[in-house]
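Here is a short tour for anyone opening this model for the first time. Have a look, then read on.

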Amino acid sequence: EFLTKWLPPVLGSPARYWGEALIRLVFLHLLLRNWHAGLLWRRTPLDGPILLILVAAGASTLVNRAPLLVGLLGIKNLIRYFFLFYAVVNLELPLRFPRRLLAATAVAAVIVCAIGLAQSAAGENFSKVLKPRDVYFKGKLIRESTRQDLGGTTKIFSTLGRYNHLGNFLFFILCLTLGIYLASPRTDSLRLGYFAFTLPCLAALGLSYSRMSWIGLVLGVFFIFSLLKQYQAWIYWSVFALVLGLSLLLAREVSWKAGEEKRASLSDRYLSTFSPGKFRQSFKSDRLYALLTVAPRVIRRYPIFGVGPGTLASEVTGAGRGTPGMFPEHSHRRWLDIDTYRLTYISDSGWTSLLSQLGLLGLFAVAWLLSRFFGICVAVRDSSPSPLSRGIALGLLGVWAGLIF
């Protein structure tokens, strides 16, 4: 999105979808190539869960009488990864490709972190250069670009548009590289390279102020170490419990609003997450409200299929971020008696969002997919002769733990 903002307005919005269009074209080409070669479909262990997700989305769209376009847009962000997955499977990439991809990703991460650290040092003027365009649809504001404070060290986002996007990217990279490092033969050059890479990534992750990414990384790292030495797992999780207990204790004296201030310190940002006020606010209208109030309401009223993909807590029909969505007339928030401003936190609570839009059937399908993915990673970690493959699998298990959170 940083690159597309420099294009003329007439090209800027379509350019946001060029990447997705390219993935679909590659997938279609491979499908036709396989068909011409007499191979209808290359089967994978994820076929069943992916098919069930699509069935749940289609059934939910029909049962809830949502327009087909709304339903398709509602699951677009999931479907693009299905296309990408099957494109990779059918490309039959050479064994050297993962190493090249990892090297390119590491270079990209270093560049992103360098720009983010420069943003922290340069302040508001540089942040305005990085800020992406607002997204409009037929003259209506669909997604406002980052509204975060742009001065000082507050919530850097580099070229990724939002601070939490930067945080999620670095959480993924740090878990992945930790797994590879732990599975590789240890040399002085590897140690030096790893720490030289990790330090700027950690610095940028901290300055992103993305609390979900911080906690996700901690969970992922503890999970990786507990898997690496399973007989010592209780030690790692005891340390994690101790850290959590200390955080809750220290947070008793911190106001939850301290973490939202423009000049909040890193400690205020972190500890305010565990403050009593934050929990009260979360129960009232935030993520715990989504999990403990909205989710049971969905299960009571629309258990199997939910209220329809794209019809709730979605940019398609309005996600409560002060924007109406593309088709606000098809929002089903009233079906669950939810105030508009609370929709934001339903979309931020991934499990509740899936349950609300796809019902228990869709939620089960996603859980099935994640459990299959977990099993594949464990099998590769335990049986692959390649240290790189074992390392990737170990790192992705850490990503899996953070993603579940």
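## A nonpolar patch

Let's start with Tyr81, which lies in helix α5; helices (H or I, at least four residues) and strands (E, at least two) are DSSP runs, numbered from the N terminus. Because its relative accessibility is 49%, Tyr81 counts as partly exposed, the class between buried (under 20% relative accessible area) and exposed (over 50%), with a 1.4 Å probe and protein chains only.

α5 gives the most, four residues, and α5 (76–91) and α6 (97–122) each supply at least two.

This is a predicted model: local features need pLDDT of at least 70 and side-chain atom pairs 80 or more, while totals for chains, interfaces and linings use all residues. Residues are numbered from 1 along each chain as its sequence is written, and side-chain values use heavy atoms, leaving out hydrogens and water.

Strands β1 (residues 135–137) and β2 (residues 140–143) pair antiparallel over three bridges; pairing takes at least two DSSP bridges. Val135 stands opposite Arg143 in β2. Two residues separate the strands of this hairpin, and Lys138 in the turn has a positive phi of about 50°.

## A kinked helix

Now for α14: its buried residues include Tyr289, Val294 and Arg297. A kink of about 30° lies at Val294, shortly before Pro296, the bend being the angle between axes fitted to the seven residues ending there and the seven starting there.
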